[in-house]
Amino acid sequence: MDKKVISKIVKASGISADEMVLIHFWGEDADKEIANSFMVAVAEIGATPVLLQQSRSVNRNIFLAVKESCFSEQYFELFTKFDTVLDVFAYRPVILGYEIDKDKFELYRKYMAQLFSKLMNCKRFTQIRIPTAANAEESGLDTQDYIQRMERAYDVDYNAIYEACKEARERLEGVNKVLLRTGENCELSFELTDRVWHIDAGDGDLPCGEIYIAPVEDKTQGTVYFETFYLDDANYKHVILHIKDGLISNSNQPEITAFFEKQPQENRVVCELGFGMNPNVTDLCGYIVLDEKMCDSFHIAVGANNMFGGTNAASDHIDFVGHGTIVL
């Protein structure tokens with residue numbers, strides 16, 4: 001990953017010169033230069049970088065040898081001192097990737113749970129997926145396609161994205177109801193009373209570039225059209241969803257209707273309305289981390305929204321991206 005892009009990402013995260021910053025790096029030594037570059041970029045701002053590496057191979061050996069007395073509360077208290085966590089991963093976080101005895105794996109699981117309970121209380125927690133072959137495998141995309149798309153999405157003018165998001169939020173703030181028009185005759189209405197628009201312009205989940213809100217859970221009504229609809233490792237063309245009292249009720253595609261009929265009610269609730277703002281994401285690829293940031297797109301989601309101002313707790317959060325026009 002280009003060092004200039006890493007520097008742009010670190011600046012966009014909102015770190016200030018007086019902060020303590022943990023570079024929480026998920027990767028092996030072969031990729032450690034990435035973590036080192038983040039350390040340098042943090043130091044260039046005037047903040048203090050500290051590295052914690054989560055190597056699968058090293059963690060395997062540690063937790064094969066670990067005792068109950070290891071990793072006391074005193075250890076975890078160290079992580080309450082950080083202002084910012086940059087959670088940088090060259091491969092999927094938390095997954096150990098090796099078979100170990102059940103009792104040892106339970107200690108590993110407990111370690112991760114205690115660690116994240118401290119890290120998530122820091123002032124700022126930013127996740128950064130590195131364009132690697134391992135992350136490409138998780139995305140389902142061809143490796144080179146994934147790397148090119150991710151590098152392009154990261155190499156943006158973060159200030160310009162923030163200003164565009166801010167302008168869009170100001171236009172929408174205070175509006176209690178919006179209408180989304182898609183396809184030829186589809187209209188979907190959202191009730192937004194007392195809900196807040198959020199900006200993702202570099203200080204949350206990267207790549208960035210969106211504004212989003214949790215609509216009132218039982219008030220979304222109507223139909224919405226998607227030219228391409230990605231669901232459960234498959235894609236469908238010309239999909240219409242029917243939504244009543246905030247719940248997906250059926251679709252013009254039997255397979256999609258069947259999928260939602262199997263879900264518990266909380267996983268069928270329309271929980272999010274968002275708009276992509278990243279100019280370097282220009283087409284859908286089926287990888288939602290990128291798709292929902294596509295400029296001039298909308299996305300809705302079903303499932304959990306209690307983490308950003310809603311009231312629906314659910315086991316899943318699934319986004320769907322399309323094109324349409326919004327009417328205030």
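Predicted model: local features only at pLDDT ≥ 70, side-chain atom pairs only at ≥ 80, totals over all residues.
**Exercise 1. Locate the salt bridge between K123 and E19, and classify both residues as buried or exposed.**

*Solution.* Step 1. The side chains of K123 and E19 meet at 3.2 Å, N to O. The cut-off for a salt bridge is 4 Å, and the pair is accordingly listed as one.

Step 1. K123 lies in the loop between helix 5 (102-119) and strand 4 (124-129). E19 lies in the loop between helix 1 (3-12) and strand 1 (20-26). The pair links distant parts of the chain, 104 residues apart.

Step 2. Buried means under 20% relative accessible area, and exposed means over 50%. K123 has 56% relative accessibility, so K123 counts as exposed. E19 has a relative accessible area of 3%, so E19 is buried.

Step 3. The contact belongs to a network of salt bridges that links E19, K123 and R124.

**Exercise 2. Why does the salt bridge of E73 and K118 tie together parts that are separated in sequence?**

*Solution.* Step 1. The side chains of E73 and K118 form a salt bridge of 3.1 Å, N to O.

Step 1. E73 is in helix 4 (residues 73-77) and K118 is in helix 5, so the pair ties together parts that are 45 residues apart in sequence.

Step 2. E73 is partly exposed, at 41% relative accessible area, whereas K118 is buried, at 17%.

**Exercise 3. In which helix do D145 and R149 lie, and how many residues apart are they?**

*Solution.* Step 1. Both residues belong to helix 7 (residues 143-154). They are four residues apart, about one turn of the helix.

Step 1. D145 and R149 form a salt bridge, with their closest N and O atoms 3.0 Å apart.

Step 2. D145 is partly exposed, at 28% relative accessibility. R149 is also partly exposed, with a relative accessible area of 21%.

Step 3. For context, a search of the whole structure finds 15 salt bridges. Side chains of opposite charge can pair when their charged atoms come close.

How values were computed. Residues numbered from 1 in each chain as written. Heavy atoms only, no water. Helix = DSSP H or I, 4+ residues; strand = E, 2+ residues; numbered from the N terminus. Buried < 20%, exposed > 50% of the residue type's maximum accessible area, 1.4 Å probe, protein only.
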